Amino acid sequence: PPAPRHRAGMDEGRPMILFHYTCGDHGKPGIDRDGVIRPGSDLGRAADMTVGFPQAMFAWFTDLDAPHREGLGLTDAILSCDRLAHCYAVDSPKVMPWMSIRRALPRYFVDALEGTPGAMPRHWFVAAEPIKVSEAIR
């Protein structure tokens, strides 16, 4: 595999470079069209697909430039598409670490996400508003 193109983490006070992985069916068309990653965009085009999925209130990111499907929750449990097919980089200060907001969320929601086998919540980052794409990686 090619060497990582980005180093995640803080650099000279600049925002952390984070990554958003998505499939070609649900996330990619809207991201390419609008240049932003929107909360819930990966869970389907139809609004009724996100009912019962509280994770739809966020856009999700990671500091892992080499993704881990189970650790990031990008399995086929919700959608049957390849949720690692495309990758976008962002560097917005509006993206927050999951660990810093989890206490403000319903316990059942936190437990359901963090309790999935292989979950890596310390590598999760979220935004409740659209985030501008810095670069399309693949």
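**Aromatic rings and nonpolar cores**

Let me begin with the aromatic side chains, where the count comes to 5 aromatic pairs, and please keep in mind that what we are looking at is a predicted model.

One of these pairs joins Phe58 and Trp60, whose ring centres are 5.8 Å apart and whose planes stand at 85°, so this pair is edge-to-face.

Trp124 is buried, at a relative accessible area of 6%. Together with Trp98 and Phe109, the residues Phe58, Trp60 and Trp124 form one aromatic cluster.

Now to the nonpolar cores. Which residues have the most contacts inside the largest nonpolar core? They are Tyr21, Phe58, Trp98 and Leu105, in a core of 18 residues. Two or more residues come from each of strand S1, strand S4, helix H2, helix H3 and strand S6, and the largest share, 3 residues, comes from H3. If we leave aside residues up to four places away in sequence, Leu105 touches Met57, Phe58, Trp98 and Val110. There is also a second, separate core of 12 residues, which includes Leu18, Ile31, Phe125 and Ile131.

As general background, nonpolar side chains in soluble globular proteins tend to be buried together.

Conventions. Residues are numbered from 1 along each chain as its sequence is written. This is a predicted model: local features need pLDDT of at least 70, side-chain atom pairs count only at pLDDT 80 or more; totals for chains, interfaces and linings use all residues. Side-chain values use heavy atoms; hydrogens and water are left out. A nonpolar core is a set of buried Ala, Val, Leu, Ile, Met, Phe, Trp, Tyr and Cys residues joined through side-chain atoms within 4.5 Å. Buried means under 20% relative accessible area, exposed over 50%, partly exposed in between (1.4 Å probe, protein chains only). Helices (H or I, at least four residues) and strands (E, at least two) are DSSP runs, numbered from the N terminus. Contact means heavy atoms within 4.5 Å. Rings of Phe, Tyr and Trp (its six-membered ring) pair if their centres lie within 6.5 Å; planes under 30 degrees apart count as stacked, over 60 as edge-to-face and the rest as tilted.
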